[in-house]
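Here are my notes for anyone opening this structure for the first time. Have a look at it, then work through the points below.

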Amino acid sequence: MLLSEQCYKKIDRELAKYPEDQRQSAVMASLAHAQVELGWISPEVMQELADYIRMPAIAVQEVATFYNMYNLKPVGKHKITVCTNLPCALSGGERAAHHLKEKLGIDYRDTTADGEFTLMEGECMGACGDAPVLLVNNHRMCSFMSNDKIDALVEELKK
């Protein structure tokens, strides 16, 4: 087993929300729980989830590869996604990305040598009025990110 008993308990709670013949409806939440535990979704994890949910492995893979919130390769402890969709790009997203690239010494889709940070480019996060927007580990949205706020965020995450 690649996932812990605690993770399977969370997946069971997701499965309980659906009729037995619609277990596949819990696949997105199951992938999310697995990713929180492991940091990324390997092909082996996809297979394990497919077996557990009782759905074809290719169907799990289709979901995991369709949505960019799932990490299909190892990422740093802190994945920072910068919204670079046009409204954010015009409202400081490109500046924020450039500042992060310089501060971390990496480009998009790269991870720092110490494994702490991965920088990703993201599409619309639905917060255009709060630009520039960053998303940390798919769970924490950070708005109005000036260079000073970015510096403070990076320092906080290093602790």
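Predicted model: local features only at pLDDT ≥ 70, side-chain atom pairs only at ≥ 80, totals over all residues.

Leaving aside its neighbours within four places in sequence, which residues is His 99 in contact with?

1. Once the neighbours within four places in sequence are left aside, His 99 touches Asn 147, Ile 150 and Asp 151. You'll find His 99 in helix 5. His 99 has a relative accessible area of 17%, and buried means under 20%, so His 99 counts as buried. Another pair to look up is His 99 and Ser 146: they sit 47 residues apart in sequence, yet 9.4 Å apart in space, C-alpha to C-alpha.

2. Now step back to the overall layout.

3. Five strands make up an open sheet with mixed pairing, and their order is 2-3-1-4-5. At the edges are strand 2 (110-111) and strand 5 (140-142), each of which pairs on one side only.

4. Residues 78-83 form strand 1, which runs parallel to strand 3 (residues 117-122), with six bridges between them. Within that pairing, Ile 80 stands opposite Leu 119, while Val 82 has Glu 121 as its bridge partner. Strand 4 pairs with strand 1 in the antiparallel sense over three bridges, and there the bridge partner of Ile 80 is Val 136.

5. How many residues of strand 1 are buried? Six of the six are, so strand 1 is largely enclosed by the rest of the structure. In a regular strand, side chains alternate between the two faces of the sheet. Here both faces are covered: His 78, Ile 80 and Val 82 are buried on one side, and Lys 79, Thr 81 and Cys 83 are buried on the other. Helix 5 (residues 86-104) lies across strand 1, strand 3 and strand 4 (134-136), at about 150° to strand 1.

6. Over to helix 1, residues 5-15. Its buried residues are Cys 7, Tyr 8, Ile 11, Glu 14 and Leu 15. Looking down the axis of helix 1, these fall within an arc of 110°, so they line one face of the helix. Turned away from that buried side are the exposed residues Glu 5, Gln 6 and Arg 13. Helix 2 (27-38) and helix 3 (43-53) are among the elements covering the buried residues of helix 1.

7. Finally, the cores. The largest nonpolar core contains 21 residues, and those with the most contacts inside it are Leu 3, Ile 11, Val 27, Leu 31, Leu 49 and Val 60. Helix 1, helix 2, helix 3 and helix 4 (57-66) each supply at least two residues of this core, with the largest share, five residues, coming from helix 3. A second, separate core has 18 residues, including Ile 80, Val 82, Met 145 and Ile 150.

Conventions. Residues numbered from 1 in each chain as written. Heavy atoms only, no water. Pairing = 2+ DSSP bridges. Helix = DSSP H or I, 4+ residues; strand = E, 2+ residues; numbered from the N terminus. Contact = heavy atoms within 4.5 Å. Axes fitted to C-alpha atoms, helices over the stretch in contact; angles between N-to-C directions. Buried < 20%, exposed > 50% of the residue type's maximum accessible area, 1.4 Å probe, protein only. Arc of directions from axis to C-beta. Core = buried A, V, L, I, M, F, W, Y, C linked by side-chain atoms within 4.5 Å.
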